[in-house]
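Hello,

Here is the structure I promised to pass on. Please open it first, then read my notes beside it.

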Amino acid sequence: MVNWLAKLRKGYGKKLRRIHTWNAWIVVILAITGLILVSGYWREALGGWRVWIKWAHVYVGLLLIAPVIYYLFLAAKHWKQLRGRPKQKTNVIVVLGLLVGWFLSGIVLWQLKLFGPSWTNPALVIHDLLTWVGLPYIIYHSITRLKWIKEEPERRAVKIEDEPAKKGLEDERPIYSRRVFLKWSVAGVLAVIFGPPFLKWIGKDLWKTQTMEDLLASDANRMVPPPSPSPKSLPPIGGGSRGEFRVYTVTEIPAFDNATWSFTIDGLVNKEFQWNWEEFVKMQRTVQVSDFHCVTGWSVYQNTWEGLRLKDLLAMAGVREEAKFVKFYSGDEVYTDCLSLRQANYDDMMVAVLHDGQPIPSDLGGPVRLIAPKMYGYKSVKWLNRIELIAEEHIGYWEQRGYDQDGWVSKRGATET
Ligand SMILES: Nc1nc2c(c(=O)[nH]1)N[C@H]1C(S)=C(S)[C@@H](COP(=O)(O)O)O[C@H]1N2
Ligand SMILES: [Mo]
């Protein structure tokens, strides 16, 4: 009987350890791939690898539930073992909460077309929050349990529990100090690493420290005269946008002035145009209110955009019969995208010049960017400076690297090609 029990305990301990090891590796892979996915540096450096890393993150993330479920089978016994160790119990609950939270919010972000922006936005906030709080917690937990920190050979010699209070504590102090010092060092290093991105994230998403005015004040573009907003734009008829754009770019952010900027429409058109800034800001603009959604899960709602309707531009140039697609070029000289002629003629496709009554800052694609409100953000080419009518479909920057050719946000849109 004793033998049998001992055997079971041994197996149980091994199982628990194995689950723990699995789980640790999965979290390590997810942490690395996840941090790469949010990093602006890697967005620029990785190109197409980004899409592979995203799939690795998703599929390894799905594996995350396996050790959790496995653990639940052993949980009752483990819980009994932890009786009288509230710290460890808290730790188990925190880690389980993190894993489940990451898993569920991750599912929503993975299946974003199914869930839609009203789900993906809170899911992204949760995913981010758990990462900036949970990841340092887990790293701290792992490092402070490493042998070289934990093991204190002298400690056994003193054994505080056996000593009457006073004397024991005095003996204890110098011995604990190494451990305390190491723990605080680990915490300090983690704070230095995770503090800045966490504060940045909090500032952006929760406290809204960076306003559009701040962005414009530091704007790199020097376009004169500034576009003057129509009465519908200022004050914005949409009431002002809700949410924050995350600045995405695959290149350095290009800056323009009147000497370096021009806008071209060419290719299979009856009449090519090239405008300089002075000419371009004089052209007839319209105003629309629309939401903006990125495939990574965030949205900015109720943007009041003022700009040229794409279909008016196309009509002005006169689309030739051979033309079937519209190709968009960015002034960064790298990014491109493509719409079918039918998509390009949607009423809300806009060559935007103002956002909420302000010139679009260079970070967000100014002086001129495309806006394709019913499609994911990667269709909205920043620093737009050329539109070309073409006969064969062009595969855009992200689409070449694995993004869905179908950019429609909603399922209903998906049928309209
Ligand atoms: N030139 C250029 N345009 C671009 C991108 C880019 O990297 N370069 N990113 C796209 C993506 S994926 C999104 S979600 C939006 C983001 O716009 P924002 O940076 O103004 O938030 O721009 C789109 N247009
Ligand atoms: Mo995006």
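Below is what turned up, grouped by topic.

Keep in mind that this is a predicted model.

**Helices**

Start with helix H1, which covers residues 2-38. Ile32 sits in this helix.

Next, look at helix H5 (residues 86-110) and helix H7 (residues 117-143). They pack against each other, and their axes are 9 Å apart. The angle between them is about 145°. The crossing of H5 and H7 is left-handed. What classes of residue make the contact of H5 with H7? There are 14 nonpolar and 9 polar residues, and no charged ones.

**The sheet**

Now go to the strands. Five of them form an open sheet: 5 strands in the order E2-E1-E10-E5-E6. The pairing is mixed. Which strands lie at the edges? They are strand E2 (273-276) and strand E6 (336-340). Each of these two pairs on one side only. From one strand to the next, the twist averages 15°.

Strand E1 spans residues 262-267, and strand E10 spans residues 384-390. The two run parallel, joined by 4 bridges. One residue pair to find there is Gly267 and its bridge partner in E10, Leu389.

**Backbone details in the loops**

- Leu234 and Pro235 are joined by a cis peptide bond, with omega about -5°. Pro235 lies in the loop between helix H11 (212-217) and E1.
- Gly366 and Pro367 also have a cis peptide bond between them, with omega near 15°. Pro367 is in the loop that runs between strand E8 (358-359) and strand E9 (369-371).
- Asp356 is not a glycine, yet its phi is positive, near 50°. Where is Asp356? Look in the loop between strand E7 (350-355) and E8.

To check these yourself, take the topics in the order above. Then follow H5 and H7 through their left-handed crossing. Trace the sheet from E2 to E6.

Best wishes

Terms used: Residues are numbered from 1 along each chain as its sequence is written. Chains are lettered from A and ligands numbered from 1 in the order in which they are written. This is a predicted model: local features need pLDDT of at least 70, side-chain atom pairs count only at pLDDT 80 or more; totals for chains, interfaces and linings use all residues. Side-chain values use heavy atoms; hydrogens and water are left out. Axes are lines fitted to C-alpha atoms, for helices over the stretch in contact, and angles run from 0 to 180 degrees between N-to-C directions. A crossing is left-handed if the near helix is turned anticlockwise from the far one by less than a right angle, and right-handed if clockwise. Ala, Val, Leu, Ile, Met, Phe, Trp, Tyr, Cys and Pro count as nonpolar, Asp, Glu, Lys and Arg as charged, and the others, Gly among them, as polar. Two strands pair if DSSP finds at least two bridges between them.
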